[in-house]
Amino acid sequence: MNESALGQPDPPDRPGLLGALRAATIGARAARALVHELARRPGPKTALLVGVGPDSPVLTAAIDALLPEDSLAVVATDPPAMRTHIAAQGSWVRDRVQVLAATTAADPADVVVIAEPLTGEADAARETLTELAKLVTAGGVLTAATVALPGLAVGAAAELDRHAALYGVGSDLVLWNAPPVRIHRLRWAAADPGAAERLTATDRPSSVPLTRELHIDSNGVAAAGITLGLAALAKLARPRSRLWLLPAAATLPIAAFFRDPQRDLPDDDGSLVIAASDGKVLSVEHVSDDRFSPDGATVDYLRIAVFLSVLDVHVNRAPVAGQVVDYQLEDGGYAPAMNAEAEHNVAAYTVLDTGPRGRVVVAQRTGLLARRIVQRAPVGAQLARGERFGLIRFGSRTDVYLPAEGVEPLVAPDDRVLGGTTPIARFRR
């Protein structure tokens, strides 16, 4: 494996396009994002860390994510020092962590993590990813990071983006890191859709924590940064004017719109369907549609539509556990989301395969003010019930389509629901 792709210095004759960023490191928050797939999977599972040192936050996060039946192999940058470090951790860690000197000694693992950002040239990154892809079990995931700064989607970053376009099953932009990093999860072989039922919904690392219970989505961080930048520019351009107060005053409301609170799933046997968003139930009705079945057959659905005002939380969550098997974006208008005409608005449809329960669809619809749909779960991604997968900016509507014969509704028009918490339907056993 070409070590320059793992954050090591390039040879003098290959300085690389990102040579100035060789000091890029992974902090604690980015480390949790890197081991996201390990933390959300139940045991028993196997994991492989590549290019990690004894003091790496990624190693700490990976060990914290281990369950009693799990095992972790570590390809260390300094194997003797790593063995000493692991030996000092106690028998619980020693029994589950194996230190290796090279990837050639590693067995295939369910989760493979590159512990340092991929930097340097595209060829080195391609060689690294190709080699490590052979060490991912069928349905397993490889996670890698690269520096995420404007204008630097070249070299290793461009190669990782290319792999994500082909094999990506999820990504995160971690702003809370110096420098910020983008983390991609790659899968080369299909996973069992039913495995999503066993996954745990974890925090989305891209959001920025304000308190333990309240985060701000990365879109909100960017939007707030823009308004603060406009305020600074206005102050510099016209220092005696109070014009800068307008964008400055808008910063807090904009950030509040993108709030991302922690939500607890209801206790049940897994048969409950939970709200995909906050808001007021507009309708609970039976509809027929032929767009979402694999063979184009018309299917009867129970559709539960929820209207989100600008004051509601706009983060969208998976109403059921499943694997994303299709994503459709339809053009249309921007009628007020509470009106019947909103049926023909711009909409994004995320189709989830739940296994024996059939397909469940979440529609993110625009409204009068909502002009931007964010969907972060590509085809192939597995979503736990209640897991965040996107948002709609500034007022909108979210519809959940459920197989009509298999569910009974638990809400009625005008009911208020909370995304990730309120049961809206129940699967019949």
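Visitor: Which residues lie nearest the centre of the largest pocket, and how many residues line it?

Guide: In this predicted model, the lining of the largest pocket has 20 residues. Ser-171, Arg-182, Val-374, Gln-375 and Arg-376 are the ones nearest the centre. The elements that contribute two or more residues to that lining are β6 (168-174), α8 (218-237) and β18 (373-375). As for volume, the largest pocket comes to about 460 Å³.

Visitor: What is the make-up of that lining in nonpolar, polar and charged residues?

Guide: The lining of the largest pocket divides into nine nonpolar, five polar and six charged residues. Arginine counts as charged, and Arg-182 and Arg-376 are among the residues nearest the centre.

Visitor: Let's turn to an arginine elsewhere. Why is Arg-397 called buried?

Guide: Happy to go through it! Arg-397 sits in strand β21 (residues 396-403). The cut-off for buried is under 20% relative accessible area. Arg-397 has 5% relative accessibility, so it counts as buried.

Visitor: What makes the pairing of the Arg-397 and Asp-399 side chains a polar contact?

Guide: The distance limit for a pair of N or O atoms is within 3.5 Å. For the side chains of Arg-397 and Asp-399 the value is 2.9 Å, so the pair meets that limit. The side chain of Arg-397 also makes a polar contact with the side chain of Glu-343, at 3.5 Å.

Visitor: How do you know whether Ala-196 is buried or exposed?

Guide: Ala-196 belongs to the loop between β7 (181-186) and β8 (208-209). Its relative accessibility is 0%; buried requires under 20%, so Ala-196 counts as buried.

Visitor: Which residues is Ala-196 in contact with, leaving aside its neighbours within four places in sequence?

Guide: With those neighbours set aside, Ala-196 is in contact with Ala-321, Gly-322, Gln-382, Leu-383 and Ala-384. For another pair, Ala-196 and Arg-29 are 24 Å apart in space, C-alpha to C-alpha, and 167 residues apart in sequence.

Terms used
Residues numbered from 1 in each chain as written. Predicted model: local features only at pLDDT ≥ 70, side-chain atom pairs only at ≥ 80, totals over all residues. Heavy atoms only, no water. Helix = DSSP H or I, 4+ residues; strand = E, 2+ residues; numbered from the N terminus. Buried < 20%, exposed > 50% of the residue type's maximum accessible area, 1.4 Å probe, protein only. Polar contact = N/O pair within 3.5 Å; in protein donor to acceptor, adjacent residues only side chain to side chain. 1 Å grid on protein atoms, 1.4 Å probe; cavity = no way out; pocket = protein on both sides within 12 Å on 5 of 7 lines; lining within 4 Å. Points joined across faces, edges and corners; volume = space filled by probe spheres on them. Contact = heavy atoms within 4.5 Å.
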